Amino acid sequence: MDLNAIYTELILEHSRHSCNKGHLDCANCVERGYNPSCGDDITLEFYLSNGIIESAAFTGTGCAISQASTSIMIDLVKGKSVEEAVKLADTFLGMIKSEIHDEEKLEVLEDAVAFKNIANMPARVKCAVLAWRTLMEAVKKAQISEIGMVENG
Amino acid sequence: MTNLDIEKIRRDFPILNQEINGRSLAYLDNAATTQKPKLVLEAVNEYNHRFNGNPHRGAHYLGVEATRLYEGARTKIKEFINAGSTQEIIFTKNATEALNLIAYAYGMTFLEPGDEIVICISEHHSNLVCWQQVAGVKGAVLKYLYLNDDYTLDFEEIETKITTKTKLVSIAQMSNVLGTIYPVEEIAAYAHSMGAVVVVDAAQSAAHMALDVQALDADFLVFSGHKMLGPMGIGVLYGKKELLGKMPPFLYGGDMIEYVEEQSVSFAELPYKFEAGTQNVEGAVGLAAAVDYLSQIGFDKIQAHERELTKYALERLAQLPYVQVYGPRDLSIRGPVISFTVDGCHPHDTATILDHYGVAVRAGHHCAQPLMNYLEVPATSRASFYLYNTKAEIDNLVEGIKQVRRWLGHGS
């Protein structure tokens with residue numbers, strides 16, 4: 001295990017000074033994610049309109065990895081469609097599970113590629129994927145209730 | 001410092017002699033599970049090589065030998081905790097299962113609506129969730145003893161919470177988070193004067209102090225083998241004979257019955273009434289060997305060594321201004337378990353980075369979420385020591401914590 005590959009400047013910066021931390025005034029989709037075994041506890045807030053993630057933010061507590069992963073994910077999905085966000089989540093989870101190795105395929109993850117080495121740290125995988133799992137859960141519920149999925153929704 | 005020959009002891013624990021990430025292992029997670037001495041490993045090995053059979057069944061040699069070893073282990077445990085009879089010693093999977101047995105067979109049977117159950121805010125989930133469930137099902141009320149600022153229990157708090165309405169008090173003798181040793185003997189005496197039954201969770205304490213169930217006057221007492229040098233998957237429930245006798249069985253099956261007819265059954269005598277199905281015989285044999293090992297060394301020497309380590313660790317940690325310790329300072333009322341946080345560093349990151357330096361600590365809520373809420377911390381790191389730990393390992397911990405700060409961008 002190489003700590004340099006985990007506690008990078010990027011991850012530390014996001015975990016300590018995330019510009020994505022806080023509440024949205026206009027959230028119409030809120031989902032809490034929790035790792036019961038270690039206590040990482042985040043709440044994602046989205047404003048969805050016509051199937052686009054117009055804005056996003058998060059609150060909560062957790063380790064550097066869970067907090068940074070959440071912040072970087074928000075940077076990535078903001079402005080994208082819900083479908084695109086789900087694809088990114090699949091790619092991220094594929095990367096963490098060591099199922100996707102192709103660098104080109106991972107390019108879409110941009111800064112989130114920083115978590116690639118978590119695949120070698122089984123004890124911390126759940127910290128890195130918490131935000132993405134929570135995103136998937138939020139999307140599923142939004143789609144069922146059609147919040148922000150259709151015009152004037 | 002102490003009379004323990006640590007180098008000799010460490011030779012008994014082959015697992016300790018290894019490098020993690022190129023650094024010698026400092027195993028400081030003994031409150032989670034302890035390591036096993038060769039005596040225990042060899043006893044289990046010998047049982048499987050020479051004596052394995054299903055006890056209490058069949059007349060063949062191996063069945064008889066397995067019975068002899070299993071019942072021998074029971075006798076050893078009876079002596080270890082000074083119980084009155086081997087009928088009062090039930091083997092379980094661990095302390096958790098033993099607490100569940102009490103909750104189901106005693107709590108669900110004898111508690112009534114409006115009855116009160118009193119536990120401490122520092123209980124492990126195993127001694128908390130089962131009482132929530134009993135209270136929920138039976139309409140009983142679950143009450144908590146809260147702590148002083150120095151992480152101790154005030155007698156006033158005990159007298160306020162435990163009343164004639166209290167039917168059951170369940171308390172850990174030593175907190176797995178704070179290290180606090182609670183005055184269970186006094187609590188038991190007071191609870192008895194109010195007519196309550198007393199359960200003592202000795203999961204943490206059994207490894208560190210001599211237990212005497214008669215002196216404590218505990219109605220029930222539980223502990224796990226793997227936290228006191230024994231194997232995982234074996235634990236003990238002690239219960240007073242008159243209480244166990246009137247409780248219904250917890251699990252039904254083979255070896256716990258007397259006569260079974262198509263529509264009726266009579267149950268076996270104690271302790272077999274509570275030991276349904278084939279038991280963990282090799283676990284019991286290993287636990288008996290662990291008791292032998294601890295008895296040969298003696299708890300007085302073990303305690304003296306642990307206190308020395310705890311004192312040293314508390315002093316060294318106090319020199320780091322960014323480290324907060326959660327637990328009593330008074331060494332006479334605490335065990336070798338130190339929970340701490342490092343300012344600006346989440347406990348999980350702390351544990352990961354300490355692991356990089358070969359130091360094994362636990363991070364998280366330690367199965368005590370209500371206590372974490374009470375302390376207003378999301379999680380802590382925890383270093384816990386045992387007879388084989390050294391001051392050099394505590395030095396590694398302290399140096400490791402400085403590295404944690406450095407890695408997370410706080411300098412040191």
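This is a predicted model: local features need pLDDT of at least 70, side-chain atom pairs count only at pLDDT 80 or more; totals for chains, interfaces and linings use all residues.
**Entry 1: a cis bond in chain B.** I looked up B:Pro271 and found that this residue sits in the loop of chain B between β12 (265–267) and α10 (281–297). The peptide bond that joins B:Leu270 to B:Pro271 is cis, with omega at about 0°. I marked this bond because most peptide bonds are trans, just as most residues other than glycine have a negative phi.

**Entry 2: positive phi values in chain B.** I next turned to B:Tyr151, which lies in the loop between β6 (141–145) and α6 (155–161) of chain B. Its phi is near 65°, a positive value in a residue that is not glycine. Is B:Tyr151 buried or exposed? I count B:Tyr151 as buried, because 22 other C-beta atoms lie within 10 Å, and the cut-off for a buried residue is 20 or more.

I then went to B:Leu229, where phi is near 80°, again a positive value in a residue other than glycine. The loop that holds B:Leu229 runs between β9 (220–224) and β10 (235–239) of chain B. B:Leu229 has 28 C-beta neighbours inside 10 Å and therefore counts as buried.

**Entry 3: chain B as a whole.** I listed the secondary structure of chain B, which comes to 14 helices and 17 strands. Taken along the principal axes, the C-alpha atoms of chain B fill a box of roughly 75 × 55 × 35 Å. A compact globule of 412 residues would have a radius of gyration near 22 Å, and the 22 Å of chain B agrees with that. Of the 412 residues in chain B, 51% are buried. When I kept the contacts in chain B between residues at least 6 apart in sequence, 71% of them joined residues at least 24 apart.

**Entry 4: chain A as a whole.** For chain A I found 6 helices and 3 strands, and from the N terminus on the elements run α-α-β-β-β-α-α-α-α. The radius of gyration of chain A is 15 Å, close to the 15 Å that the globule rule gives for 153 residues, so chain A is as compact as a globular protein of that length. The C-alpha trace of chain A spans about 50 × 30 × 25 Å along its principal axes. Buried residues account for 41% of the 153 residues in chain A, and among its contacts between residues at least 6 apart in sequence, 61% join residues at least 24 apart.

**Entry 5: helix α2 of chain A.** Which residues of helix α2 (residues 9–16) of chain A are buried? I found A:Ile11, A:His14 and A:Ser15. These residues lie on the same side of α2(A), because they cover an arc of only 95° around the axis. An α-helix has 3.6 residues a turn, so residues three or four places apart point the same way. I then asked what the buried residues of α2(A) pack against, and found α3 (64–77) of chain A.

How values were computed. Residues are numbered from 1 along each chain as its sequence is written. Chains are lettered from A and ligands numbered from 1 in the order in which they are written. Helices (H or I, at least four residues) and strands (E, at least two) are DSSP runs, numbered from the N terminus. A residue is buried if 20 or more other C-beta atoms lie within 10 Å of its own, exposed if 12 or fewer, and partly exposed in between; C-beta atoms are placed from the backbone. The arc is that of the directions from the helix axis to the C-beta atoms. Two residues are in contact if their C-beta atoms, placed from the backbone, lie within 7 Å. The radius of gyration is taken over C-alpha atoms; the globule rule is 2.2 Å times the number of residues to the power 0.38.
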